[in-house]
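Q: I have a new model open and want to learn how to read its parts and interfaces. Where do I start?

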Amino acid sequence: MEKTVQATIQLDGETVNFATGETIYEIASRADKFIPTLCYDPRLQPFGACRLCVVELKGSKNPVASCTLKATPNMEVTTTSERIEKFRKTLLELVTSENPTIAVSPLRSYASQELSLLVERYAADTQRFAGEHSGHSRLDDKNPFLLRDYDLCISCYRCVRVCAEQEGDYAISVMNRGFHTQITTEFNGILKDSACTFCGQCVQTCPTGALGDKKALRFAE
Amino acid sequence: MLLPTDPGSTDSELIERWRGEPAPLLALLHAFHDRDGYLSETALRAIAQNLRMPLADLFGTVTFYHHFSREPQGLNAPRICTGPVCSLRGGREMLAALASQGATAMPCAGRCDEPVPVLQGQRVLVGTKLDQLVHKATILPPPNPGGIEECVFAEIRQPGRNTLAGYRRTGGYEGLTRAVTTMTPSAVIEFVRQSKLAGRGGAGFPTGQKWQAVADAVGQPKAIVCNADEGEPGCFKDRAILDYDPFAVIEGMTIAAYATGATRGFIYLRYEYPEIAASFQRAIDAAVAANLVGNNILGTAFHFALYIRRGAGAYICGEEGSLLNSLEGKHPFPRNRPPFPVTHGFENLPTAVNNVETLASVPQIMRRSPEWYQGLGRNGHAGTKLVSLSGDVQQPGNYEVPFGLPLRTLLYEWAGGPLPGRSLQAVTMAGLSGGFLAKDDLATVTIDEPSIRSKGSMLGAAGMIAFDDRRNMVEVAHNAMEFFAHESCGKCFPCRIGTQRLTERLAGASPQTLPIWLAEVDDISQTMKAVSACGLGMAAPLVIESLVRYFPEQVAQHVAKVSD
């Protein structure tokens with residue numbers, strides 16, 4: 001029998017093993033590399049929306065999204081470079097321009113500080129591209145569990161994907177397109193009238209606090 | 001078959017009509033939309049239940065398409081083109097005058113050679129004044145003055161070419177007959193590969209290589225998808241082919257199917273060409289009746305079924321991943337690549353997605369030879385390209401040019417140059433996606449991808465819109481960026497937010513000094529070009545980049561005006 005050769009890639013100049021099907025982001029995470037993301041959740045299918053996780057790939061003119069790129073033997077990947085850091089900072093400045101800049105209570109959800117931590121790390125100027133805001137909070141949704149403060153939404157669709165992929169409820173989706181994208185239920189109603197089971201998965205994966213745990217917030221009061 | 005929806009059909013009749021068909025969702029949505037004049041909540045509930053789709057997904061997906069109306073009477077509300085040419089020909093004034101009738105703006109609807117199209121229900125009227133709107137046939141491509149040999153347009157001006165009898169009289173189906181009765185599928189692929197035919201939708205991928213990959217891929221049934229979602233502003237070439245030479249597209253798809261082993265084909269047709277949905281279906285029916293599509297084609301063991309599906313207003317559905325998602329009834333976001341459609345296309349099966357023009361070239365190549373096709377190009381380039389030329393020139397229209405033709409020859413000798421007393425200021429490339437060429441570059445560039453790319457632009461699908469010295473190029477760029485923002489799908493961050501912020505900077509928001517304005521625009525543009533998830537976001541900044549490059553004085557004036 002032929003001897004199995006362990007497949008490897010070059011990651012920031014080091015040789016790293018990988019298993020078939022692993023993405024560059026997964027390999028880099030195992031190697032304790034820091035790669036920023038906003039649309040990534042390890043439980044969900046890679047989505048490739050936020051583009052923060054782009055890395056340099058030898059042979060590719062443009063950087064590539066590491067979350068969707070499956071490793072093939074002998075790839076040469078660099079997780080950071082001057083231009084990549086600039087793209088990441090510009091992306092964060094674009095993302096923060098969508099929404100009002102406010103400090104979000106960590107009690108809103110498990111992941112709620114992801115965006116603000118990245119903004120801090122990259123010293124992104126949240127006012128640089130200030131312009132029209134996107135997303136409309138649904139304060140008319142009076143359910144006692146889930147706060148739907150979409151003024152803070154960055155349209156990463158983690159909530160939509162966790163609802164479909166983890167819960168199988170398909171209660172929420174995306175309406176409209178482009179800058180006018182909005183997380184919605186069927187017919188843009190309130191959660192009580194939808195297929196939502198109030199499981200709270202969407203809240204815990206939200207990286208900005210646009211979705212919040214009303215019970216936790218009540219308890220803090 | 002695509003039958004006009006009987007106004008008396010019940011919900012369950014409509015559902016039964018489409019439920020067992022391939023790619024049923026768009027067809028079923030259109031059936032309800034046509035019958036009711038809008039998509040009601042009841043209709044969506046019935047469709048979701050019967051197609052076993054989550055209702056929230058269906059609702060979200062319907063709102064993605066700007067031509068699906070969710071308001072009663074919405075189908076028949078006028079939609080008026082406010083594309084880059086029509087905006088200069090009264091489109092916006094007509095829109096304002098009809099606002100009380102519920103009129104809405106629509107992006108470029110592919111009538112740039114005869115503005116302004118007004119879409120109402122299943123018909124398109126054209127005219128530059130509201131009281132002069134008429135139904136008119138598509139303009140035939142004007143012949144070129146030099147008598148230069150054509151491929152796609154070689155026979156298109158023959159009377160009756162769009163009937164099966166007329167098509168066969170002028171060489172139609174010689175190519176398919178030759179392929180199916182005398183050649184193996186791999187010989188057909190080799191033939192096309194040698195011709196150097198490449199994707200004419202703009203990507204330029206070698207057609208033979210694509211077909212080979214589909215033929216080699218594992219999985220059945222395979223599919224041929226004709227991308228007829230011509231949505232790039234300034235492009236109207238596919239409309240001419242579909243109107244006057246539908247059998248060339250059908251024959252090209254059938255040859256592609258034979259070569260790749262595909263057994264089903266889809267024509268994904270843009271919503272803005274409603275008359276073509278009907279006429280093309282009649283062409284398919286005629287081909288089926290003559291045993292040129294369907295089972296045992298030309299008495300052989302080769303089977304190929306062909307279906308039309310209409311889009312509903314979404315430029316991004318011209319991107320092949322979005323198109324395939326749309327056809328499958330999914331939310332039309334682009335797909336992450338790899339895998340590519342040749343292995344994971346329609347329903348995750350091997351699929352060749354080809355542009356209308358590419359497919360219409362194939363029958364001519366098959367009845368002649370690869371050498372003949374290659375020889376049509378100049379300076380070492382193979383073949384021809386259809387150019388949709390519009391805007392401020394004497395004779396707008398679709399022209400078939402040999403690759404390598406100097407741009408100035410097309411502009412000045414073929415299309416008669418600018419209007420009397422005017423001079424050309426700029427010409428867009430790739431519709432809007434390539435931004436502008438201007439100044440000396442207009443005189444030196446040749447019509448081929450390497451030459452145009454060397455100027456920081458691209459040929460793409462070869463829409464070209466000319467603007468003369470009267471035009472404010474900042475306004476033109478603003479209109480273009482508004483289009484990209486309107487059509488951005490909303491999935492990837494750089495495109496969704498970047499197109500919005502660039503539009504604001506061209507409109508006058510965020511008063512800044514010029515150096516700051518330029519730095520902001522450059523950072524957004526570079527980021528979008530490098531890391532956007534698909535071609536829309538990568539190309540959208542070219543228009544503002546070319547504005548800054550060629551017209552710095554107009555930019556300076558704009559920024560000074562805003563910051564005052």
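This is a predicted model: local features need pLDDT of at least 70, side-chain atom pairs count only at pLDDT 80 or more; totals for chains, interfaces and linings use all residues.

Q: Into which domains is chain A divided?
A: Begin with the domain bounds. Chain A has domain 1 (6–80) and domain 2 (107–112 + 131–220). The contact between them takes eight residues from domain 1 of chain A and 11 residues from domain 2 of chain A. Their centres, taken over C-alpha atoms, are separated by 29 Å.

Q: How is the size of an interface given?
A: It is often given as the accessible area lost when the parts come together. Domain 1 of chain A and domain 2 of chain A bury about 910 Å² between them. Carbon and sulfur atoms account for 53% of that area.

Q: Which three residues of domain 1 of chain A supply more of the buried area than any other three?
A: They are A:L38, A:R43 and A:L44. Together they supply 58% of the area that domain 1 of chain A buries against domain 2 of chain A.

Q: How many salt bridges are there between domain 1 of chain A and domain 2 of chain A?
A: The count is zero. Polar contacts are another matter: eight residue pairs make them across this interface. By class, the domain 1 side has five nonpolar, one polar and two charged residues.

Q: Is A:F187 buried or exposed?
A: Look at the relative accessible area. For A:F187 the value is 17%, so this residue is buried. A:F187 is in the loop between β8 (182–185) and α5 (201–205) of chain A. Leaving aside neighbours within four places in sequence, A:F187 is in contact with B:E41, B:L44, B:R45, B:L55, B:F59 and B:R70.

Q: Is B:T254 buried or exposed?
A: B:T254 is buried, because its relative accessible area is 0%. B:T254 sits in helix α11 (residues 246–260) of chain B. Not counting residues up to four places away in sequence, B:T254 touches B:L176, B:L292, B:V293, B:I297, B:F302 and B:F304.

Q: Which domains does the assignment give for chain B?
A: The assignment gives domain 1 (11–64), domain 2 (77–132), domain 3 (164–374), domain 4 (384–468) and domain 5 (473–563). Take domain 4 of chain B and domain 5 of chain B as an example: their centres are separated by 22 Å, taken over C-alpha atoms. The area buried between these two domains is about 1,300 Å², with 67% from carbon and sulfur atoms.

Q: Which residues of domain 4 of chain B lose the most area to domain 5 of chain B?
A: B:Q425, B:L432 and B:F436 do, together giving 46% of what that side buries. Between these domains the count of salt bridges is zero. Five residue pairs are in polar contact.

Methods. Residues are numbered from 1 along each chain as its sequence is written. Chains are lettered from A and ligands numbered from 1 in the order in which they are written. Side-chain values use heavy atoms; hydrogens and water are left out. Domain bounds come from an automatic or database domain assignment. Contact means heavy atoms within 4.5 Å. Buried area is the accessible area (1.4 Å probe) that two parts lose on being put together, summed over both. A salt bridge is a side-chain nitrogen of Lys or Arg within 4 Å of a carboxyl oxygen of Asp or Glu. A polar contact is a pair of N or O atoms within 3.5 Å; within protein, one must be able to donate a hydrogen and the other to accept it, and residues adjacent in sequence count only if both atoms are side-chain atoms. Ala, Val, Leu, Ile, Met, Phe, Trp, Tyr, Cys and Pro count as nonpolar, Asp, Glu, Lys and Arg as charged, and the others, Gly among them, as polar. Helices (H or I, at least four residues) and strands (E, at least two) are DSSP runs, numbered from the N terminus. Buried means under 20% relative accessible area, exposed over 50%, partly exposed in between (1.4 Å probe, protein chains only).
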